[in-house]
Amino acid sequence: DPYRWLEDEKSPEVQAWMKAEDEYARAELAKLPGRDELAARLKQLFYYDAISAPLHRGSRFFYTRKLADKEKTIVYWREGEAGEEHVLFDPNTWSADGSKGLHGWYPTWDGARVAYMVSEHNSDETVLHVLDVASGKDLPDVIAGTKYAGASWTPDGAGFYYTWVPPVGGLVTIAERPGFAELRYHALGTDPAKDPTVHEATHDAETFLGGGISRDGHWLFATVQHGWNASDVFFRDARKPGPWQALVEGVAANFSLVDIYKDRFYVQTDD
C-alpha cells in the first residue's frame, strides 16, 4: 500500500501534497467555460426561503426555516399557534467556518425538552445533548457515540431510547462498527455510561439496529436493517419483562415501523 503515509493528514508532507493537489485542480477547473453561469444557477436552486410543516408537541409548535442568505437551516418554536417566534437552534452561529452542525432534533411529547445531535468539523460523528426549551439551557446529559441515533422519548419525558455505537479502536473497526450498534435507554440525570442495553448488538457488520418506544409507552420495537433492501421488525411489551417477538423477519423487503396507536402497528413497506 503506497498511500499509507497519506493517513497522517497533519504531517508537513501530506499538507504540502494536499495544497499542491488543490491548487492544480482549481487551476484546471478554472479553464472550463460556463462555470460562472452554473454557479449562479446552482445558487438559485439551493438558496431560497422555505418553512417546514410544524411539529405539534404539547402546547408548542416546532418548525424550521431555510433562509436564502443562510447556509444552515434554523429551528424555531412558539407557544401556541399565535405565539411569539423563538429560535431554538441556529447552527449558523455555532462556528465561524460553518464546520459545526445540527444532525437531528427530537422534542418530548409535552414539548418541554429537545434531544439534539451536534457534529464537529463536518463529521458524521455526533454528540447528543438535551435542551430545556423554556430556559434555552442544556441539561447535564451528554452522550457520545450517537452517529446513527434518534431519540424516542417515553410518554412522561423522563428518558429516551436511542442507538449507540462504540468508538472506533481496539476490536471495533470502521467497517465492523455498524454490527456493534446497541439500542439503549437513557434516564435524564443519570450517567450515560451506565445506560442499560435494551436490544443487544447483532455483531453482523452488514446489519444496522434501530428502534424506540410507542407514544403511549406500551410497546418497544427494534428494526434490523440488512443493507438497503431488507429489514426485520421485532417488538415486545414494555409494561412487563419478556423476549423480543418477530413482527416481520426474513422477508426480502423493507419494513419501516411508522407508528403504534391503540395497540395497532402501522407499518410502511415496499414488499
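Predicted model: local features only at pLDDT ≥ 70, side-chain atom pairs only at ≥ 80, totals over all residues.
**The chain as a whole**

The secondary structure comes to two helices and 19 strands. Helices (H or I, at least four residues) and strands (E, at least two) are DSSP runs, numbered from the N terminus. The C-alpha trace spans about 65 × 55 × 40 Å along its principal axes. Of the 271 residues in the chain, 36% are buried; buried means under 20% relative accessible area, exposed means over 50%, and partly exposed lies in between (1.4 Å probe, protein chains only). The chain exposes about 16500 Å², with 54% of it supplied by carbon and sulfur atoms. Such accessible areas come from the Shrake-Rupley method with a 1.4 Å probe, and for residues only the protein chains shown count as cover.

**Around Thr207**

Thr207 counts as buried because its relative accessibility is 4%. Leaving aside residues up to four places away in sequence, Thr207 touches Pro178, Gly179, Thr202, Val224, Gln225 and His226, where contact means heavy atoms within 4.5 Å. Ala181 is 26 residues from Thr207 in sequence, and their C-alpha atoms are 9.2 Å apart in space.

**The sheet that holds strand 14**

Four strands form an open sheet in the order 14-15-16-17, with antiparallel pairing. Strand 14 (207-213) and strand 17 (245-248) stand at the edges with a single partner strand each, so one side of each is left without a neighbour in the sheet. From one strand to the next, the twist averages 25°. Axes here are lines fitted to C-alpha atoms, for helices over the stretch in contact, and angles run from 0 to 180 degrees between N-to-C directions. Two strands pair if DSSP finds at least two bridges between them. The table lists each pairing with one facing pair of residues.

| Strands | Bridges | Residues opposite each other |
|---|---|---|
| 14 and 15 | seven bridges | Gly210 and Thr223 |
| 15 and 16 | eight bridges | Gln225 and Ser231 |
| 16 and 17 | three bridges | Phe234 and Ala246 |

Strand 15 and strand 16 form a hairpin with three residues between them, and Gly227 in the turn has a positive phi of about 60°.

How many of the residues of strand 16 are buried? Strand 16 (residues 230-237) is mostly covered, with eight of its eight residues buried. In a regular strand the side chains alternate between the two faces of the sheet. Here, Ala230, Asp232, Phe234 and Arg236 point one way, and Ser231, Val233, Phe235 and Asp237 point the other way.

**A patch on the surface**

Elsewhere, Leu42, Leu45, Phe46 and Tyr47 form a nonpolar surface patch with about 380 Å² of accessible area together. Patches are made of residues with over 30% relative accessible area and no salt bridge; like charges are joined within 9 Å, and nonpolar side chains (Val, Leu, Ile, Met, Phe, Trp, Tyr) within 5 Å. A salt bridge is a side-chain nitrogen of Lys or Arg within 4 Å of a carboxyl oxygen of Asp or Glu. Tyr47 sits in the loop between helix 2 (35-46) and strand 1 (50-51), and Tyr47 counts as partly exposed because its relative accessibility is 30%.

Conventions. Residues numbered from 1 in each chain as written. Heavy atoms only, no water.
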